[in-house]
Amino acid sequence: MGVTCVSQMPVAEGKSIQQTVELLTRKLEMLGAEKQGTFCVDCETYHTAASTLGSQGQTGKLMYVMHNSEYPLSCFALFENGPCLIADTNFDVLMVKLKGFFQSAKASKIETRGTRYQYCDFLVKVGTVTMGPSARGISVEVEYGPCVVASDCWSLLLEFLQSFLGSHTPGAPTVFGNRHDAVYSPADTMVQYMELFNKIRKQQQVPVAGIR
């Protein structure tokens with residue numbers, strides 16, 4: 001596990017999401033990147049159950065339960081502006097039993113799927129973000145394997161990102177600022193995906209639905 005940057009790629013002018021994904025993957029292949037299978041990251045949103053809220057008008061908290069195909073035996077639970085819990089896959093079963101405390105939001109499932117590419121020490125994942133049957137955007141994840149401290153390799157990551165994203169190259173992820181000299185962890189990647197998914201939800205003006 002190296003240092004990772006997750007970003008959104010805008011859809012190319014006059015192109016569909018799928019056509020833009022194909023343009024990106026073609027660029028990677030021209031650089032010499034090789035396909036290394038597929039990947040999937042998904043996220044489901046849970047609300048604090050109404051019965052657990054004290055005074056009327058008190059706002060509930062959100063929790064995001066996420067999975068990443070890179071870590072098939074793990075489940076990630078991220079609290080809004082809070083910690084990230086890493087558990088095993090049985091956590092999904094636990095959430096069913098905790099429905100008195102947390103309830104799944106309607107139509108909240110969002111995921112990205114696509115192809116993994118290896119280029120020297122970089123692992124690149126270009127995915128199509130979907131909500132239900134509809135494509136909503138494009139995710140780009142780049143991991144630099146040999147390094148585990150973001151501040152030591154961001155300039156190198158940035159240079160590689162510029163080679164195929166051009167003017168759409170992102171700035172440094174917010175998690176880098178929070179953990180400038182700390183060892184990078186899988187939870188940091190999931191925080192970036194959570195932020196990306198929430199950004200795409202807002203762009204599509206599809207708010208997370210209320211409690212069932």
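The side chain of E111 makes a polar contact with the side chain of R113 at 2.8 Å; a polar contact is a pair of N or O atoms within 3.5 Å, where within protein one must be able to donate a hydrogen and the other to accept it, and residues adjacent in sequence count only if both atoms are side-chain atoms. This is a predicted model, in which local features need pLDDT of at least 70 and side-chain atom pairs count only at pLDDT 80 or more, while totals for chains, interfaces and linings use all residues. Residues are numbered from 1 along each chain as its sequence is written, and side-chain values use heavy atoms, with hydrogens and water left out.

E111 lies in strand β7; helices (H or I, at least four residues) and strands (E, at least two) are DSSP runs numbered from the N terminus. With a relative accessibility of 17%, E111 counts as buried, since buried means under 20% relative accessible area, exposed over 50% and partly exposed in between (1.4 Å probe, protein chains only). Apart from neighbours within four places in sequence, E111 is in contact (heavy atoms within 4.5 Å) with C40, V41, D42, T128, V129, T130 and F197.

C40, one of these partners of E111, is itself buried, at a relative accessible area of 12%. C120, by contrast, counts as exposed because its relative accessibility is 61%. C120 is placed in the loop between β7 (110-119) and β8. Its phi is positive, about 50 degrees, although C120 is not a glycine. Most residues other than glycine have a negative phi. A disulfide is a covalent bond between the sulfur atoms of two cysteines. A search of the whole structure, with a disulfide taken as a pair of cysteine sulfur atoms within 2.5 Å, finds zero of them.

Two residues stand between the strands in the hairpin of β8 and β9, where G132 takes a positive phi near 60 degrees.

Strand β9 also pairs with strand β1 (residues 3-8), again in the antiparallel sense, over six bridges. Here the bridge partner of Q8 is S139 in β9. Eight of the eleven residues of β9 (residues 134-144) are buried, so this strand is largely enclosed by the rest of the structure.

Technical notes
Pairing = 2+ DSSP bridges.
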